[in-house]
Amino acid sequence: MSEREAQTTVLHAQQLVKRFGGITATDHVTLELKKGARHALIGPNGAGKTTLINLLTGVLPPTEGRIVLDGQDITDLPPHLRVQRGMVRTFQINQLFDSLSPLQTLALTVSRQQGLGARWWQKLGRNAQVMARCEQLLERFHLSEVMNQPTRVLPYGKRRLLEIAIALSCEPRVLLLDEPVAGVPAGEREELLQTVAALPADVSVLLIEHDMDLVFSFAKYMTVLVNGAVLTEGEPEAIANDERVKAVYLGHGTEATLEDGHG
Amino acid sequence: MAELLRIEDLRAGYGEAVVLQGVSLALEQGQTLALLGRNGTGKTTLINTLAGATRQHGGRIYLGVGAQQVDLSRLPSFERAAAGIGWVPQERNIFKSLTVHENLTAVARPGPWSPQSVYQMFPRLAERKGNLGTQLSGGEQQMLAVGRALVLNPRLLLLDEPLEGLAPIIVEELLRAIARITREEGLSAIIVEQHPQAILAISQQTVVLDRGTVVHQGTAAQLQAQPELLDSLLGVAR
């Protein structure tokens, strides 16, 4: 038995199919997310990566197939109950409360996480434990300076950071990240993914990302999706050297782009 | 090469808030300018101001060569598009209720770029021709936003993070295409991007913004050769 086979499967997608009219966006996908995984999901634009995340999190119902979390079938469970079981996601396109500030937003999610959701009407700052956790998150994601500004006026990169801070405030056990660092400045990307990589060893992470430097530094295992189906999966080195993956997705590195420079 | 764009002491922002505090720069025909800076320094505001999507508080924006030069400062966005500005906004803003093909044909103007040549560059869009904007993935929307700006056959292309969400193989293709069209078709481009190295390789000029002002102006080759300078300008700790 290989090392991977010996690990516990936390999230198991079994033969998932999603059809939109005549389009098959997800085509019999089976994917196992292991406990503590740092697993990347890559593939060409339109391969069905976000659709798969939408199926796993219950945003879309699958046409066929099952989803099992911790041994229990959650295929028909609504999204908020999946979150309560520890499955949390971020969105490719920010889904934020525009009129709230980062502090107000995090105070809401942290309160909910600490079982104080019903006290949402209480004045902000009433609970020291909630505030301490908010401060910690704001600092970690470089949001302290802007914590009192309405989210709608924040630069795009800061809104991305808030999106991830919200996810982590839910103390996930299974974290699904859909292009988390798109729009985040170069210098902050690595640090951000290191924060994710440094989550407790039993938190399982599935990452969709097109920045290959980051993907290869983060992932211990990868699945390649093409036209809605799994093309291949394996360890990063094998994926990087797979000719089919190069042909449809990776291309041939940066040399090709550099040869035209300063023309 | 002749000067295509001249910005003089530009002050602009949102409502009463002034983000750009007196930006001046010039760009020649056929040149690509990499617009860099940390988060929230005014890059997107500058792009949006050129496209006419912010409130301009002062300064001038001139587009065109010689006697054909026009002052864009007081023109609405659609007249700027007609004058030769092609804009790929950061959040794509494709027409979601139209199909891919309709998005392209609705705005196409005569010139080297047509919906067909866009499909050649992005074969994925050709496969999605009849799909509505709402049915596209994030990366496909990004390709469409770039294609829609190109079929306008602009003289100045404004690209706000055009590589975000695109597969590496498509990024290669797009960078090659931008380098080729600026070189061969004399189009100018301003690119905002979080991957400075990727765009410095296809740019000739660079401008770095901080707090709404220009803090560095020079050649792309200079910044490529001095990564420490680039890092310090972008506030990246090594």
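**Getting started**

I am looking at a predicted model, where local features need pLDDT of at least 70, side-chain atom pairs count only at pLDDT 80 or more, and totals for chains, interfaces and linings use all residues. Residues are numbered from 1 along each chain as its sequence is written, while chains are lettered from A and ligands numbered from 1 in the order in which they are written.

**Confidence**

I looked up the scores before anything else. The model has ipTM 0.73 and pTM 0.81.

**The loop between β6 and α3 of chain B**

I went to B:Asn93, which sits in the loop between β6 and α3 of chain B. Its phi is positive, about 45°, although B:Asn93 is not a glycine. B:Asn93 counts as partly exposed because it has 14 C-beta neighbours inside 10 Å.

B:Gln90 lies in that loop too, between β6 (85-88) and α3 (100-105) of chain B. I found B:Gln90 partly exposed, since 19 other C-beta atoms are within 10 Å. I then listed what B:Gln90 touches, where contact means that the C-beta atoms of two residues, placed from the backbone, lie within 7 Å. Leaving out residues up to four places away in sequence, B:Gln90 touches A:Tyr156, B:Thr44, B:Asp160 and B:Glu161. I also checked B:Gln226, 136 residues from B:Gln90 along the chain, and the two C-alpha atoms are separated by 28 Å.

**Where the chains meet**

How many residues does each chain bring to the contact? I noted 37 residues from chain B and 30 residues from chain A. On the side of chain B that touches chain A, the elements giving two or more residues are α6 (138-150), α7 (168-185) and α8 (196-200) of chain B. The biggest giver is α7(B), with 9 residues. I sorted that side by class and got 16 nonpolar, 12 polar and 9 charged residues. For these classes, Ala, Val, Leu, Ile, Met, Phe, Trp, Tyr, Cys and Pro count as nonpolar, Asp, Glu, Lys and Arg as charged, and the others, Gly among them, as polar.

**A sheet in chain B**

I traced an open sheet of 4 strands in chain B, in the order β2-β1-β4-β5, with antiparallel pairing. Strands pair if DSSP finds at least two bridges between them. The edge strands are β2 (17-28) and β5 (70-71) of chain B, each pairing on one side only. Strand β1 (residues 3-14) of chain B is joined to β2(B) by 9 bridges, and the two run antiparallel. In one of these pairings, B:Ala12 has B:Leu20 in β2(B) as its bridge partner.

I stopped at B:Asp9, which is in strand β1 of chain B. Its phi is near 45°, a positive value in a residue other than glycine. B:Asp9 is exposed because 12 other C-beta atoms lie within 10 Å.

I tested the length of helix α6 (residues 156-169) of chain A. Its expected span is 1.5 Å times one less than its number of residues. For 14 residues this should be 20 Å, and the end C-alpha atoms are 20 Å apart, which agrees. I counted 14 of its 14 residues as buried, so α6(A) is mostly covered.

Strand β7 (residues 174-178) of chain A has 5 of its 5 residues buried. I saw A:Val174, A:Leu176 and A:Asp178 pointing one way from β7(A), with A:Leu175 and A:Leu177 pointing the other way. Strand β6 (residues 87-89) of chain A runs parallel to β7(A), joined by 3 bridges.

How values were computed:
Buried ≥ 20, exposed ≤ 12 C-beta atoms within 10 Å, placed from the backbone.
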